[in-house]
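Subject: A structure to look at, with notes

Dear colleague,

I am handing over the structure below, and I would be glad if you kept it open while you read the notes that follow.

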Amino acid sequence: MKSTNSAETFGQKLIKVISDVCFTFFVLAVLVFTVIAITYQPPDPWLESSKAMSKVFSAVENATFKQDDSILRTGEDIIAVAPTPAIKEEQPVTLKTIELEEKNVTSQAPTTECDPNEAIDCSDPKVLVLIKKFNLKVFKSINIFEYQLPVRGSKPNECDVAWRFRSKKEKSWRKYRDFRRFTLGFDLNCKYKVTDAGRWHSGKNARPGKIRKDTGNFSDPIHHIASPSSNASFLVNDETINDTVPITISESSFRKGKYLYYSRGGDYCKGMNQYLWSFLCALGEAQYLNRTFVMDLSVCLSSKYTPSNKDEEGKDFRYYYDFEHLKESTSVIEEGQFLQEWKKWNREHKKDQIPVRKVTDYKVSPMRLKRDKSTIIWRDFDQPEPDNYWYRVCEGSAEKYIERPWHLLWKSKRLMNIVSAISGSLDWDYDAVHVVRGEKVEDKELWPNLDRDTSPDAILSKLTNLIQYQRKLYIATNEPDYHYFDKLRSRFKVSLLDDYKDLWAKNSEWYNETTLLNNGQPVDFDGYMRVEVDTEVFFRAKTRVETFNNLTKDCKDGINTC
C-alpha cells in the first residue's frame, strides 16, 4: 500500500515538473514572439535591392537594366497618393448623388403629348440627370467627378456634354476629360430618355476651351469654335498641366537653402530603367538629408528608343514624366537656375562664398553626410564605369536608410491624355495582351521557346481559351511589324498603338503642347513614349494576358531565372 502511495506521489510530482517545464517554454515562446512582433519590420519594397524590388514593385517590369523594357510601371500604377493641399479631392458621381439631385429638379419635358421630332431642350436639368445615369451604367471602369451643362448637338435630338474622369485603376489624383454626343428621345410617358451615346470626344460643341495662337487667351468652348474657313488658329490645350520651371527664388532664400547636387555620371544615355533607378536614388538621398535636389531636366534617350538608333541628348524630362507632381510633392530646383544663383552669389559676395562639400566617391554614404552643414553637397561622378553610376550611392548599408520615392514619379499627363483617348475610344471595355518579342526572340539560348510561343498561331490558340469571341483586344508589343497579328483579327477586334497615330500626329493636342514645350520645335513620338502608353493602356484592360505568365514557359530574365 505504501509502495503504491509512493508511486502515485512520484507520478504526481513528475506530472507537475513536466507541466512547469512546458509552461516555462510556453512563456518563453510568448516573450520571444512578442519581442519579434514589436521589433521586426517587414522588408520595405522601396528599400530593397534592384533584384528584390523588381519582384515586389512590378510583376512585368525588370529593374536590372538589362532585359525587357517593353512595359514600365511608375508610381500612379502602384501607390495611391493623396492630392496636395492646394488640390481639393472631389468624390465621384454615384447613384446616390444622382438620386439626390433628381429629387431637386423639375423636368421641362411635355407631360401628356410629345412629338418624336420635337427638339430636346438640352438645358433641362433632367437631361443631365439622365446622362449621368446612362454613363454610370455604361462606363463602369471609370469614376466621373464633374459635368459641364449640356449644350445642343448638331441635330435637334442631340446634346453634347463634357466631364472629367479617372480610371478606377489609376492611383493618382489626376483627372482627364471627355465630351460626347448623346441622342435623346421620349418614352411612352413623354419623358426624356437617352437612346445612344457617341464615341470618344464626339460632343464637339461641349469641348473644353481652346487657346488661340495669336492671343494666348481662352475662347468660349461653345460660341467661338473656329470654322475651317476662319483665319484664327487654335490649339487644344490641357489647362490642368502646370509643369513650368518654378520662378527664381530670392538671393537670401537661395543662401539659406540646403542643396544636393549630382553631376552627370555614367547613367547618362543608358536605358531608361537605369536612369529611373539612379534618379530615384538621388532623390531619395536628398529627402533623407532634408535637402533640395538639383534637377537636370535634360535627358539623354538611349539609342534603343530613338528612330535614328543613336543616343539623343536634350530630351526634356517633362516629355516622359509629370514634373508638376514632382515639384509640388518634394523640394527640387532646376539645374540651370541653381548654377546661375550659385555663381551670382559668389560673384557678388567675395567674402561670403557658399560653402560646398564635394564628394567624389560613391562609397561616402548618405549617413556620413547627414550632419554636414555645407550649403551644397556636390556628388561628382568622374570615376570609370560602373563606379560613376548614381545608383551606387544607394547600395550596401545605404539601402536601409534611403527610400526610393516611387510615389513621386508619375508618367507625363500629356502621354496619359493619349492613354485616356485610346481607352476611351475602346469605351473602357476591352481586353489586352502584352507580347514581348524584339531582341529576345533572337536569343535562343536565354529564351528558347519565346519565338514559337509568340507566333500568331500560338497566341490565337492561347487567347481563344482566355478571351471571348469578338471582344475588343488591345495588343501592347515591341513587335515592329504592324501586320504580324493580322491572323488574330478573325476572332477579335484587334487594336495596336499605331492605330491611334492621329493622337500624336501634326496638330494633335500632344504635338501642339510638346512643340510649345520645345521652343517651337516638333518633338518625335519616340520608342520610350510608346512603351509608356502601351503600359498604361494594357493596365486598364479588363482581362490582361502577359507573355511570361501566360503565353510562354520561358523565364522573363532568361533560362533558369524563374
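This is a predicted model: local features need pLDDT of at least 70, side-chain atom pairs count only at pLDDT 80 or more; totals for chains, interfaces and linings use all residues.

In helix α15, the residues Trp-510, Tyr-511, Asn-512, Glu-513, Thr-514, Thr-515 and Leu-517 are buried, so that seven of the nine residues in this helix, which runs over residues 509–517, are covered. Just after α15, Asn-519 takes a positive phi of about 55°.

The disulfides come next, and the count for them is four. One of them is formed by Cys-269 and Cys-300, whose sulfur atoms are 1.8 Å apart, and with 95° about the S-S bond this link is right-handed. Cys-269 lies in the loop between β8 (259–262) and α7, whereas Cys-300 lies in strand β10 (residues 298–301), so the pair ties together parts that are 31 residues apart in sequence. Both Cys-269 and Cys-300 are buried.

Another disulfide joins Cys-281 to Cys-394, with a distance of 2.0 Å from S to S, and it is right-handed, with 100° about the S-S bond. This pair links distant parts of the chain, since Cys-281 sits in helix α7 and Cys-394 in the loop between β14 and α12 (413–425), 113 residues apart. Cys-281 and Cys-394 are both buried.

Cys-555 and Cys-562 also form a disulfide, with their sulfur atoms 1.8 Å apart, but this link is left-handed, with -120° about the S-S bond. Is Cys-562 buried or exposed? With a relative accessible area of 77%, Cys-562 is exposed, because the cut-off for that word is over 50%, whereas Cys-555, at 9% relative accessibility, counts as buried.

Turning to the salt bridges, the count comes to 39, and I describe some of them here. The side chains of Glu-285 and Arg-379 meet in a salt bridge, at 2.9 Å from N to O. Glu-285 belongs to helix α7 (residues 272–288) and Arg-379 to strand β14 (residues 376–379), so that distant parts of the chain, 94 residues apart, are linked by this pair. Glu-285 and Arg-379 are both buried.

A salt bridge is also found between the side chains of Asp-431 and Arg-471, again with a distance of 2.9 Å from N to O. Because Asp-431 lies in strand β15 (residues 431–435) and Arg-471 in the loop between α14 (456–464) and β16 (472–477), the pair ties together parts that are 40 residues apart in sequence. Asp-431 counts as buried at 3% relative accessibility, and Arg-471 counts as buried at 17%, because buried means under 20%.

The side chains of Lys-444 and Asp-451 meet in a salt bridge too, at 3.2 Å from N to O. Here Lys-444 counts as partly exposed, at 43% relative accessibility, and Asp-451 is partly exposed as well, with a relative accessible area of 29%.

With best wishes,
A colleague

Notes: Residues are numbered from 1 along each chain as its sequence is written. Side-chain values use heavy atoms; hydrogens and water are left out. A salt bridge is a side-chain nitrogen of Lys or Arg within 4 Å of a carboxyl oxygen of Asp or Glu. Helices (H or I, at least four residues) and strands (E, at least two) are DSSP runs, numbered from the N terminus. Buried means under 20% relative accessible area, exposed over 50%, partly exposed in between (1.4 Å probe, protein chains only). A disulfide is a pair of cysteine sulfur atoms within 2.5 Å.
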